[in-house]
Amino acid sequence: MILRLILTTLAILLVTNVYSGIQVDSVTTAVIAAVVLALINTIVRPVIVLLTLPISMLTLGLFLLVINACMLSLAAWLVNGFDVGGFWDALIASFIISVVVALLNGLIKSRS
């Protein structure tokens, strides 16, 4: 679990350097944002996914990208110093964060 938080923190920091739609004040803020995002994804996201299951099925799962963007926006709303410009910025940033975390996770698992 701590490894996932570290990976998410690294992904958030990478996105802030690559994409201008998301801003983080410090590394500490990125760590706090990763913890809040993990809590949101553990508690809130499953309920939202279940409630929007018919829409997700109709869109062949693409609506899950919208849910990810909303979860990132919620984390930005809860954490001071972590700012997301708008919905499209959240959508792009959440996609990049997901890809970076998946790549880093795959890299770590292939080395162990």
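Predicted model: local features only at pLDDT ≥ 70, side-chain atom pairs only at ≥ 80, totals over all residues.
Residues are numbered from 1 along each chain as its sequence is written, and side-chain values use heavy atoms, with hydrogens and water left out.

**View 1. Where α4 crosses α5.** The axes of helix α4 (residues 63–78) and α5 come within 8 Å and cross at roughly 100°, where axes are lines fitted to C-alpha atoms over the stretch in contact and angles run from 0 to 180 degrees between N-to-C directions. The two helices, α4 and α5, are therefore roughly perpendicular to each other. Look for L65, V66, N68, A69, L72 and S73 on α4, meeting F87, A90, L91, A93, S94, F95, I97 and S98 on α5; contact means heavy atoms within 4.5 Å.

**View 2. The surroundings of L72.** Setting aside neighbours within four places in sequence, L72 touches I22, L37, F82, V84, A90, A93, S94 and I97.

**View 3. The buried residues of α1.** Helix α1 covers residues 2–18. Here L7, T8, T9, A11, I12, V15 and T16 are buried, meaning under 20% relative accessible area with a 1.4 Å probe, protein chains only. These buried α1 residues pack against β1 (22–24), α2 (27–51), β2 (82–84) and α5 (87–111).

Notes
Helix = DSSP H or I, 4+ residues; strand = E, 2+ residues; numbered from the N terminus. Expected span 1.5 Å × (residues − 1). Buried < 20%, exposed > 50% of the residue type's maximum accessible area, 1.4 Å probe, protein only. Parallel < 35°, antiparallel > 145°, perpendicular 65-115°, else oblique.
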